[in-house]
Amino acid sequence: MSFTFFTDRLGGYSQGDFSSLNLALHVEDDAKTVARNREVIEQAHGKTVYMNQVHGNNVEVISKATDQVLTCDGLVTNVAGITLAVLVADCIPLLLSSQNVVAAVHVGRRGLINGVATKSVAIMRELGADEITATLGPSICGPCYEVDQATYDQVIATHPGAASKTSTGTPSLDLPAALVADLAKLSIQCVVDSRCTREDEDLFSYRKSHRTGRQAGLIRL
């Protein structure tokens, strides 16, 4: 059985815009403070592997605990005791679970289009995963994710389930709905945490604050 967990912005050492459990090193927070925050995670969840996320579809298989930070948007492992982390502040932290393989995947608008989730599932199945379940952590909700018409049209062309509107009727995208539809095509059932990062004060949100930290989705065998 796998273990999944989603952090929020509470319980760390960062100050100001990054208060308090910011786990990202790329957001202009103090690196030593971020290291302390990551120690909080390791004390609770064991050796944790992070990514340098770039909104691509590169997926790396982790075969041993490592401090190396790989440039990718998906981590997969079949090794027990290694915690995989995905950092977010509006994108979807997708955790994929099976009896013997797990994955942590960063799915934003570009990740949805480039199929990073589908690729992660394929790699898990290559490693012997049978029945896979998905947990989508908190992310920005459809009505809060306003986009311009061109962006809307681009995404809806391949993911019509993402169609949404803001409270004022302007175009927006429901990324969780579109991701659930993608995973359903792969016979994967989903559990969705419906908290919206922009609306929930206990969560980091780039759309809400721009200068802000990152929370994490964590999974391990």
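User: Which criterion decides that a charge sits over a ring?

Analyst: A charge sits over a ring if NZ of Lys or CZ of Arg is within 6 Å of the ring centre and within 35 degrees of the ring normal. This structure is a predicted model, and Arg-38 in it lies over the face of Tyr-50, at 3.8 Å from the ring centre. Another case is Arg-36, placed over the face of Tyr-13 at 3.6 Å from the ring centre.

User: How many aromatic pairs does a search of the whole structure find?

Analyst: The search finds 1 aromatic pair. Its members are Phe-3 and Phe-5, whose ring centres are 6.4 Å apart and whose planes stand at 10°, so the pair is stacked. The cut-off behind that reading is that planes under 30 degrees apart count as stacked.

User: What is the relative accessible area of Phe-3, and what is that of Phe-5?

Analyst: Phe-3 has a relative accessible area of 31% and is partly exposed. Phe-5, at 37%, is partly exposed.

User: How does one see where empty space is left?

Analyst: The general idea is to roll a probe the size of a water molecule over the atoms, which shows where empty space is left. In this model, a search of the whole structure gives 1 cavity of 30 Å³ or more. The largest cavity has a volume of about 40 Å³, and its lining includes Phe-6, Val-88, Pro-138 and Leu-203. Strand E14 (residues 215–220) gives the most to this lining, with 3 residues. By type, the lining residues of the largest cavity comprise 6 nonpolar, 3 polar and no charged.

User: How much space lies in the largest pocket, and which residues are the closest to its centre?

Analyst: The largest pocket holds about 640 Å³ of space. It is lined by 25 residues, and the closest to its centre are His-26, His-55, Cys-91, His-106 and Arg-214. Among the elements that give two or more residues to the lining are strand E7 (83–88) and helix H2 (109–114). The lining of the largest pocket divides into 13 nonpolar, 6 polar and 6 charged residues.

User: Which residues have the most contacts inside the largest nonpolar core?

Analyst: This core has 35 residues, and those with the most contacts inside it include Leu-94, Val-107, Met-124 and Leu-179. Both strands and helices give two or more residues to the core, including strand E8 (92–97), strand E9 (102–107), helix H4 (149–158) and helix H5 (175–185). The largest share, 5 residues, comes from H3.

Technical notes: Residues numbered from 1 in each chain as written. Predicted model: local features only at pLDDT ≥ 70, side-chain atom pairs only at ≥ 80, totals over all residues. Heavy atoms only, no water. Phe/Tyr/Trp six-rings, centres within 6.5 Å; stacked < 30°, edge-to-face > 60°. Buried < 20%, exposed > 50% of the residue type's maximum accessible area, 1.4 Å probe, protein only. 1 Å grid on protein atoms, 1.4 Å probe; cavity = no way out; pocket = protein on both sides within 12 Å on 5 of 7 lines; lining within 4 Å. Points joined across faces, edges and corners; volume = space filled by probe spheres on them. Helix = DSSP H or I, 4+ residues; strand = E, 2+ residues; numbered from the N terminus. Nonpolar A, V, L, I, M, F, W, Y, C, P; charged D, E, K, R; others polar. Core = buried A, V, L, I, M, F, W, Y, C linked by side-chain atoms within 4.5 Å.
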